[in-house]
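Colleague: I should like to learn how to read a helix in a structural model. Might we work through a case together?

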Amino acid sequence: MSPFHKRRGFGPPAGGDGCGPFGWGPPPFMRGRRNRLFDSGALRLLVLGLIAEAPRHGYDIIRGLKERFQGAYAPSPGSIYPILALLEEAGLVTGTEEGGKRLYAITAPGLDYLSDHAADLARLNARLDEAARAMDTGDLGEVVTAFRQALFSRLRPGGLSPEQRDGLADILARARKDIENL
């Protein structure tokens with residue numbers, strides 16, 4: 001087993017060779033719960049697939065996923081940058097500094113990995129397309145995201161007086177009823 005797998009805790013339980021840079025077991029898309037859109041390896045595979053399309057910065061990946069989900073979902077930098085570090089450490093991508101940002105490009109081993117897992121990536125992309133069609137809400141995803149940001153910025157400690165809190169509760173109750181009555 002490679003030092004990478006040992007260091008990351010990947011690998012078959014009884015020793016031997018790991019199967020690829022993400023460790024022993026089923027392909028990344030098939031790990032974990034079946035109802036989750038992104039299990040532990042699926043997001044890594046999707047990120048690798050996006051980098052294979054064109055070299056990207058971390059925020060380009062986040063923005064690309066956000067656009068695919070019409071603003072209703074965007075992975076956090078805290079989930080994307082560790083994936084990029086893992087992919088780089090595994091030798092599947094290279095990162096170079098460009099204008100104060102790190103630009104990631106796929107390597108030959110990364111292309112080989114994608115080739116070996118093309119069916120998994122195709123299934124993942126089909127699920128993404130299906131989820132995006134199910135969320136065909138136009139710009140509502142962006143509106144909901146902006147609403148949540150505004151709401152949670154006000155809910156921080158000290159953000160509202162007792163009168164404002166009561167007013168906000170009334171606004172939210174009316175909005176909920178209006179939505180239910182659409």
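Predicted model: local features only at pLDDT ≥ 70, side-chain atom pairs only at ≥ 80, totals over all residues.

Colleague: How many residues does α4 have, and what span should they give?

Modeller: Helix α4 has 13 residues, which should span 18 Å at 1.5 Å a residue.

Colleague: Which residues of α4 are buried?

Modeller: A residue counts as buried when its relative accessible area is under 20%. In α4, this applies to I80, I83, L84, L86 and L87. Around the axis they cover an arc of only 160 degrees, which puts them on the same side of α4. Just after this helix, G91 adopts a positive phi of about 80 degrees.

Colleague: Which residues are buried in α3, and why do they line one face of the helix?

Modeller: Helix α3 comprises residues 58-68, and its buried residues are G58, I61, I62 and L65. Viewed down the axis of α3, they fall within an arc of 100 degrees, so they line one face of the helix.

Colleague: What covers the buried residues of α3?

Modeller: The cover includes α2 (42-53), α4 (77-89) and β2 (101-106).

Colleague: Where do these elements belong in the chain as a whole?

Modeller: The chain contains 8 helices and 2 strands, and along the sequence they follow the pattern α-α-α-α-β-β-α-α-α-α. Of its 182 residues, 31% count as buried.

How values were computed
Residues numbered from 1 in each chain as written. Heavy atoms only, no water. Helix = DSSP H or I, 4+ residues; strand = E, 2+ residues; numbered from the N terminus. Buried < 20%, exposed > 50% of the residue type's maximum accessible area, 1.4 Å probe, protein only. Arc of directions from axis to C-beta. Contact = heavy atoms within 4.5 Å. Expected span 1.5 Å × (residues − 1).
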